[in-house]
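Please walk through this model with the structure open beside the text.

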Amino acid sequence: MKFSAMGFAPEILAAIETSGYVKMTPVQEQTMVEARRGRDLWVNAQTGTGKTAAFALPMLQQMIDVPITVIAGHVRCLILTPTRELAEQLLQTVGHYAQFLDFKIEAVFGGVKLSGQANKVKKGVDILVATPGRLSELVISKQVNLSAVETIVLDEADRMLDMGFIAAAESIIAQTAENRQIMLFSATTTAAMNELAHKMLKNHCEVRVSKANATAETVEHVMYPVSEEQKMDLFLELLEQHNWYQILVFTSTKRQADQLLKRLKEVQIPSAICHGDKSQGTRRRALADFKSAKIQVLIATEVAARGLDIEGLDYVLNYNLPYLPEDYVHRIGRTGRAGKSGHAISFVCPEETRALQRIERVIGGEIKRIYQRGYDLPGRDVIKSTPLHKNTNSVKSTKKSVNTKSKNSKSKNAKRKTGKKSIASRAGGKKNRRAQKKNR
Ligand code: AMP
């Protein structure tokens, strides 16, 4: 469906044109009509599906349809999001969609002085993007009044739930008028999310863009069985072999992230890190460098990387599998966005077999195993296909989306050859690694 079918104002259509969007994504098609009707919504969509425009464009149109001058300290539309990185990103994206409109859009989040943020909302704001904790502070100190809020979006509501922000979000919602519209967006559909949706929303409409908890259709999933000790060597070898560029690597802990960064720096791979111990400025710089392709590898832990929109990201590597399958869905939400193909690569050691089984159950198919020569696991440790998915009907139908596209990725990588010095030689070479293997 084309955007023009939605009856958007010329200023919105012009912004869509500058974004280069030709037609709506599935989540946009299904969300916008109901959003325009003013209905409460629960939308199950991951980052990368075009969900921001799905709520932002109807929100902007509503403000055009009913022009109101916002009173000092008041807010017309509210977007709650779990992290400050997401808040900054949303401010930018929504600002882009509103570039030809005269609306005041601001963002407030923790980690910076409250007084400066209070100033932003002093004269009233048309759209306020906020993290729940910081907004609660502003509400309690009576620097923001939410009684005139017409629309509330809870972006990444499942994350807010996981991070313990829902109580703050609920008390914020309690400050708004009864007749406001609430749109709840979550990547996963857990029982807790279901409960929350039914508690918060009134006569709501549910939008499911793909199968519940499924990963983006365009993502190719592969896994390398490998022992935990050999993961670093395997990563360096594969980086060289496939010439992966702009790869986002998830580790489970900050320590692992630091160790990996140290090793990558030793072998002169341009890389950066994004985790909770790093300052806001360091994280922002790391992300900017990654987006502008100044660095090849961005290492991140779950919390720090949540929901980041990194355009054109081809590769996401799970250096460790997340414990919760929902986190796998979130992690790989950064690749295969808005119709582009992406690659979700996982390193799986025998201890992670359980986590793998849970993930395969959620994505509804077996992840293709790739056995890298020299990294074989001893017979008893070989990660077997899980019997779980043999019982599911969905394996065949989803097979396409979980197969590897190695041919394509090779040709793509060939184009990206940077002519850099051999990584393996810088890393000490295969000989070294074989020696290490013998010593284990
Ligand atoms: P989001 O899920 O909102 O983070 O959007 C993910 C990516 O999809 C962003 O880079 C958007 O610019 C892009 N996008 C959003 N809507 C469309 C569309 N209709 N056509 C093409 N790309 C889109």
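The crossing of α3 and α4 is right-handed. The model is a predicted one. Helix α3 covers residues 51-65 and helix α4 covers residues 84-97. Their axes lie 10 Å apart and meet at an angle of about 50°. From α3, the residues T52, A53, F55, A56, L57 and L60 take part in the contact.

Helix α2 runs through residues 26-36, and its buried residues are V27, Q28, T31, M32, E34 and A35. What covers them includes α3, together with strands β1 (41-44), β6 (181-186) and β7 (205-208). The spacing of such residues is worth a thought. An α-helix has 3.6 residues a turn, so residues three or four places apart point the same way. After α2 comes G38, with a positive phi near 85°.

Helix α10 (residues 231-242) packs on helix α11 (residues 254-266) at an angle of about 45°. The axes are 11 Å apart. That angle makes α10 oblique to α11. The crossing of α10 and α11 is right-handed. On the α10 side the contact uses M232, D233, F235, L236 and L239. On the α11 side it uses Q259, L260, R263 and L264. Which classes do the residues in the contact of α10 with α11 belong to? Six are nonpolar, one is polar and two are charged.

Stay in this part of the sequence for two loop residues. Q246 sits in the loop between α10 and β9 (247-251). Its phi is positive, about 50°, although Q246 is not a glycine. Most residues other than glycine have a negative phi. Q246 has a relative accessible area of 14%, so it counts as buried. Q372 lies in the loop between β14 (368-369) and α16 (387-390). Leaving out residues up to four places away in sequence, Q372 touches Y224, L234, E237, L238 and Q241. Is Q372 buried or exposed? Its relative accessibility is 10%, under the 20% cut-off, so Q372 counts as buried.

K142 is not a glycine, yet its phi is positive at about 60°. With 75% relative accessibility, K142 counts as exposed. Q246, by contrast, is buried.

Helix α14 (residues 325-332) is mostly covered. How many of its eight residues are buried? The count is eight of eight. They are P325, E326, D327, Y328, V329, H330, R331 and I332.

Finally, step back to the whole chain. The secondary structure comes to 20 helices and 14 strands. Of the 440 residues in the chain, 55% are buried. The accessible surface is about 19,300 Å², and 51% of it belongs to carbon and sulfur atoms. Take the contacts between residues at least 6 apart in sequence: 76% of them join residues at least 24 apart.

Key. Residues numbered from 1 in each chain as written. Predicted model: local features only at pLDDT ≥ 70, side-chain atom pairs only at ≥ 80, totals over all residues. Heavy atoms only, no water. Axes fitted to C-alpha atoms, helices over the stretch in contact; angles between N-to-C directions. Helix = DSSP H or I, 4+ residues; strand = E, 2+ residues; numbered from the N terminus. Left-handed = near helix turned anticlockwise from the far one by under 90°. Contact = heavy atoms within 4.5 Å. Buried < 20%, exposed > 50% of the residue type's maximum accessible area, 1.4 Å probe, protein only. Areas by Shrake-Rupley, 256 points an atom, 1.4 Å probe, with all protein chains shown as cover. Parallel < 35°, antiparallel > 145°, perpendicular 65-115°, else oblique. Nonpolar A, V, L, I, M, F, W, Y, C, P; charged D, E, K, R; others polar.
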